[in-house]
Amino acid sequence: KLYIHFHYTSDKIMEPQSQNLKTIPLLSLGRFHISEEYGFLLPNPLKELPDHYRPWMEIANKLPHLIESHQLQAQVDKMPLLTCQFLQNYREQRLAHLVLSFITMGYVWQKGETQPKEVLPRNLALPFVEVSRNLGIPPILVHADLVLTNWTIRDPERPLEIRNLDVIFSFPGEESLRGFILVTVLVEKAAVPGIKALVQAVNAILQPSQNLLLQALQRLRLCIQDITRTLGQMHDYVDPDIFYAVIRIFLSGWKDNPAMPVGLIYEGVSPEPLKYSGGSAAQSTVLHAFDEFLGICHSKESADFLLRMREYMPPSHKAFIEEIHSTPSLRDHIRSSGNGQLLTAYNQCVEALAELRSYHITVVTKYLITAATKAKGRRPNYVPGPPLALEERGTGGTVVLSFLKSVRDKTLEAILHQSD
């Protein structure tokens, strides 16, 4: 089925505030292009564009080789300027964004962080900005490209596990890159029962039903624990040295990145350089939705960054988070209910979310901080060599450990006490 794209604005804004809660429409996933089966993942992403776009596809399909042999920039410079008008539907637009974002990251970072390209040629910049405007996401590689649109099932009859999945496009980094992307795909898939439970919980507050709310909170906790377990597969499939020295540069952006302090000129789009953050787990809608629902308040600095990352999501997913924000407060509902079981179930969700964030800190420490220390003591034999500019930073540009610890600590502060 086609996913026609639109900017959803909540119809609640139009309603007079005095109306009874019962008139608020119940929350549903379909309204926000969220799949009942795959959540925020694009179901069965396309792998082929119309024939008009063959020049893009030929480059994208050979990207690791073209980057490693330093031929990509020359190939892109010869590419014809193509219009996006032959993209027939939302799914083709998503694939086009994926293709152009991969080519862009390879083009900019082909020679590593010491010699980034500071101008994106018009034959790449113009269509990339055009399709980005159509989709409502920025012209850079985002989580919605790298993960949500970049996966395929090998055998539809077999279960969704890493051995039965593949990526559509790749960078240098081979199996470790494939593992990094596909484990993240499985994390998104693991989140689906939690997203459904969240919707059921919101509706149980609107209707209201304490019993249904309790069941939904219990399902949410189990889901968050499952996400943590799924994230653990990173250790099996991703080599920290390869991630740090080879893969990470291609996820890096041109905002808050000392290697590209002024940004990137998109030729034919703007005479001034534009600045966009690199890909980041903070662009996944999952934890934003959980935070909004559980009423978790982050420090101003973290909250500002997270809010900015919403601009990197498909607009319908961002609208889903905003919709949750505008529903009645779960914390207030639990406080006023006086129901000890609800309070306990809520706290278990918050604790599970804090544990997930603690585990994420462990993973980031291994793949970033420890790997950076090791890379310093080694002569780089990788193309293009380990990045130094973003040493302490995530690819999104934050000082990563202090950000993650703050987010985890603020999650724990949300725990409710009987006296609250």
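Okay, some housekeeping. Residues are numbered from 1 along each chain as its sequence is written, and side-chain values use heavy atoms, with hydrogens and water left out. Since we're on a predicted model, local features need pLDDT of at least 70 and side-chain atom pairs count only at pLDDT 80 or more, while totals for chains, interfaces and linings use all residues.

Helices here are DSSP runs (H or I, at least four residues), numbered from the N terminus. Axes are lines fitted to C-alpha atoms over the stretch in contact, with angles from 0 to 180 degrees between N-to-C directions.

Let's start with α8, residues 192–206. Its axis sits 8 Å from that of α9, at an angle of about 160 degrees. That makes α8 roughly antiparallel to α9 (the label for angles over 145 degrees). Who touches whom, with contact meaning heavy atoms within 4.5 Å? On the α8 side we have Pro193, Gly194, Ala197, Gln200, Ala201, Ala204 and Ile205. They meet Leu212, Leu213, Ala216, Arg219, Leu220 and Cys223 in α9.

Now the other partner: α9 runs over residues 210–231, and α15 over 330–337. These two pack at about 125 degrees, axes 13 Å apart. So α9 and α15 are oblique to each other, oblique being whatever is left after under 35 (roughly parallel), over 145 and 65 to 115 (roughly perpendicular). Gln210, Leu213 and Leu217 in α9 meet Leu330, His333, Ile334 and Ser337 in α15.

Notes
Contact = heavy atoms within 4.5 Å.
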